Amino acid sequence: MRIVDLRSDTVTWPTPEMREAMYRAEVGDDVYGEDPTVNRLEAMAAERMGKEAALFVVSGTMGNLVALLTHCGRGDEVILGSASHTFLFEQGGMAVLGGIVPHTVPNQPDGTMRLEDIVAAIRGDNVHFPRSRLVCLENTHNVCNGTPLTVEYTAQVAGLAHDHGLRIHVDGARIFNAAAALGVEVRELVRDVDSVQICLSKGLCAPVGSLVCGSAGFIAEARRARKVVGGGMRQAGILAAAGIVALELIAPRMGEDHARAKRLAEGLAEIPGVEVAPVRTNILYFGLAEHVSMVPDEVVAGLAERGVQVLGRVGGRFRAVTHYWISDEDIERAIGAMREVVG
Ligand SMILES: Cc1ncc(COP(=O)(O)O)c(C=O)c1O
């Protein structure tokens with residue numbers, strides 16, 4: 001039975017073009033800066049993001065950590081969303097490894113933080129306080145229904161941060177989804193920010209890798225931070241080759257995943273007892289109405305028996321994520337399976 005795996009866009013396999021590019025990749029020792037394929041990928045990412053330089057790292061978690069370690073010193077404070085991936089799902093690496101203090105501000109349902117809440121979180125100059133150093137945004141916002149943050153909102157937060165002497169970092173794990181959903185160039189979304197982390201291994205299908213992008217000086221420091229967390233790689237061109245294909249061939253097609261997520265939302269919403277959250281990109285959350293007596297595990301198991309995998313979450317919310325390897329037919333199968341399980 002073919003499995004329709006909707007748990008995440010991280011389950012994607014490399015495309016045949018990626019495998020071919022990996023096989024043929026020219027490589028060198030990247031810690032010496034001698035891997036031509038890594039250098040090409042970094043230059044390409046910097047150009048796409050409108051930044052001076054970029055750094056290839058192992059994962060989104062490492063990309064965010066390296067950026068935070070570069071922006072902040074021990075005892076500095078980072079203002080970030082209470083539902084952000086960096087706060088919830090990165091083990092508090094900033095505190096564990098960097099002595100950096102997370103200061104959360106509530107995320108609104110659309111993934112934003114209210115500007116007045118950010119301002120209120122910024123500390124004054126006082127010997128009792130940590131020093132506010134950085135604001136982080138997440139675009140698209142994973143937990144907040146995969147919602148894209150607009151160019152205007154990002155510019156407002158960047159302006160506010162800079163006016164207060166803070167810097168701004170964007171966790172852009174799915175920034176290409178945001179650009180596609182908003183119909184803007186991806187570089188517009190990070191125009192005013194100091195750094196951005198982008199993931200190649202989510203909807204972009206690459207097997208491994210993320211990039212941190214920023215000014216040349218920032219990236220030179222970030223290279224040191226990457227080394228200290230053990231992220232200096234050697235013949236990493238093998239991986240970067242897949243990343244180049246991801247940027248060239250996969251990034252432009254994110255809209256297809258969004259259309260399929262919308263169709264899935266429509267299909268699920270027609271099933272009595274299923275409540276679907278608004279969908280803007282490739283991430284769809286849904287739940288069960290109160291009168292439905294099933295527990296979430298039963299739904300996940302029932303779907304799995306029918307070859308459909310979704311993520312069951314605490315609180316009865318389920319997540320389904322579309323990606324390159326999900327077809328129109330898979331979407332119809334998922335809707336049919338849900339109808340059988342809940343109907
Ligand atoms: C918004 C966001 N940021 C960062 C990450 C971390 O990426 P990685 O799993 O490559 O460490 C994820 C992973 O799903 C994510 O959704």
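Predicted model: local features only at pLDDT ≥ 70, side-chain atom pairs only at ≥ 80, totals over all residues.
1. The largest pocket has a volume of about 240 Å³. Of the 22 residues that line this pocket, His85, Asn142, Ala173, Arg174 and Lys202 are the closest to its centre. Two elements, α3 (60-71) and β7, each give two or more residues to the lining, and α3 supplies the largest share, namely three residues.

2. Sorted by class, the lining of the largest pocket is made up of 12 polar, seven charged and three nonpolar residues.

3. Ser8 sits in the loop that runs between β1 (4-5) and α1 (16-24), and its side chain is joined to that of Thr10 by a polar contact of 2.9 Å. Ser8 counts as buried because its relative accessible area is 8%, which is under the 20% cut-off. Once neighbours within four places in sequence are left aside, Ser8 is in contact with Arg174, Arg319, Val321 and His323; Arg174 is also among the residues named as closest to the centre of the largest pocket.

4. Leu200 is placed in the loop between β7 (195-199) and β8 (210-214), and with a relative accessible area of 0% it is buried. Apart from its neighbours within four places in sequence, Leu200 has contacts that include Leu41, Phe56, Cys205, Ala206, Gly243 and Ala246.

5. Leu247 is another contact of Leu200, and although these two residues are 47 residues apart along the chain, their C-alpha atoms are separated by 7.8 Å.

Definitions and conventions: Residues numbered from 1 in each chain as written. Heavy atoms only, no water. Helix = DSSP H or I, 4+ residues; strand = E, 2+ residues; numbered from the N terminus. Buried < 20%, exposed > 50% of the residue type's maximum accessible area, 1.4 Å probe, protein only. Contact = heavy atoms within 4.5 Å. 1 Å grid on protein atoms, 1.4 Å probe; cavity = no way out; pocket = protein on both sides within 12 Å on 5 of 7 lines; lining within 4 Å. Points joined across faces, edges and corners; volume = space filled by probe spheres on them. Nonpolar A, V, L, I, M, F, W, Y, C, P; charged D, E, K, R; others polar. Polar contact = N/O pair within 3.5 Å; in protein donor to acceptor, adjacent residues only side chain to side chain.
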